[in-house]
Amino acid sequence: MQYAVIMAGGSGQRLWPLSRKNRPKQIIDAFDGSSLLRLCVDRISGIFDADHILVVTNQEYADVVRQHLPELPQENILGEPVGRDTAGAIGLAATVLKQKDPNSIMAVFSADQIIEPIAPLHKAVEKAFGFLKTNPKALFTFGIRAAFAHTGFGYLKRGKKVEATDDIYPVEAFREKPNKSTASKYIRSGNYCWNSGMFVWRVDTILSQLEHFLPENARLLEQIGLSWGTDKATQTLNKHFTDLRKISIDFGVMERAADVYMCELDCHWVDVGSYQSLADTIGKADQDNNITTAETQCLWIDSGNNVAISDKKDHLIVAIHVEDMIVVYTEDATLICHRDETDHLKTLLQQMEEKGLERFE
């Protein structure tokens, strides 16, 4: 059987105050009335039915996600007690799927992404499924055809095309976020793609790779699997998941493994992790490059290159002689900052805790 696993565990600190502890960024309806998580589920529904879609999220968000996706079986929403990066999330999903079918294939997607159109993605996933039939030990990922020399993404270096395949390549190297000069060299070479953070592999293969490269994690995940479906499942999960090593699947497995392959996606792809990236997806800019969501009421006077978002349709934002700013209005908190200063939001949230303002987090 083939399953989809959606990773939806990020806290969304860089999207405060839209994203909160009780309203993670994945369910904010800022995308023409839809959320990132809803868009992700709809994007893959042509390949997977609801029974074969799992979502891994923070334990505190699990009930919210179940309400947000009522078509998915409740047991398909997996709540992590703590964040243990993508190796932990993927390991938990693979452990649960092993109980259903140890020979199943899992495709891993991120709820933080916008992908348009969806046809290239569907074709690429089907291509991966076909490749795994004859290469069951392969770890498959997707490279995004780079639109420009982006310094905020990781890159994949591809090797020579695998013979008798439909444009499938071995991955020769994973490269972390480069500086501008290095990114430009990558683009000029024609051998590099953006790292999408999406994967396809057999469940038994990824569990074997975790056992090889992260043996302590594998041992803890095995204990979780042995109790899954029993009355001790939650207790065991809370006990052992916390002890997992916090590491990404790229660092923990992909960069160290053999038999890693990829195909390329030629599509519009955005990893929505900040207001800068959100501005590229939420709506069209006016003649002065001011961007708002469809639900935001805003008047601009001699202002340019701003982003304004309100989660209240009956609230009006007015900006006069304002440049390069982000304005976000919610019922109990408002953010005003320069477009280049959003990295300070994590520090801001720490200060809230120190000043006893946790209710606004």
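In which sense do strands S12 and S14 pair, and over how many bridges? I looked this up in a predicted model. S12, residues 291–292, pairs with S14 in the parallel sense, and two bridges join them.

I then took the residue partners. Ile-291 stands opposite Val-307 in S14. For Thr-292, the bridge partner in S14 is Ala-308.

Next I went to the other neighbour of S14. Strand S16 (residues 325–329) runs parallel to S14, with four bridges between them.

I wrote down the whole sheet. It is open, has four strands in the order S12-S14-S16-S17, and its pairing is mixed. S12 and S17 (334–338) have a single partner strand each and stand at the edges, so one side of each lacks a neighbour in the sheet.

I checked burial along S14, residues 307–310. Val-307 and Ile-309 lie on one side, Ala-308 and Ser-310 on the other, and all are buried, which leaves both faces covered. Side chains in a regular strand alternate between the two faces of the sheet.

Separate entry, helix H7. I read 13 residues, 215–227, and a reach of 19 Å from first C-alpha to last, close to the 18 Å expected at 1.5 Å a residue.

Which residues of H7 are buried? I listed Asn-217, Ala-218, Leu-220, Leu-221, Ile-224, Gly-225 and Ser-227. These buried residues pack against helices H3 (85–100), H6 (203–213) and H8 (233–241).

Last, I looked past the end of H7. Gly-229 follows the helix, with a positive phi near 90°.

Methods: Residues are numbered from 1 along each chain as its sequence is written. This is a predicted model: local features need pLDDT of at least 70, side-chain atom pairs count only at pLDDT 80 or more; totals for chains, interfaces and linings use all residues. Side-chain values use heavy atoms; hydrogens and water are left out. Buried means under 20% relative accessible area, exposed over 50%, partly exposed in between (1.4 Å probe, protein chains only). Two strands pair if DSSP finds at least two bridges between them. The expected span of a helix is 1.5 Å times one less than its number of residues. Contact means heavy atoms within 4.5 Å.
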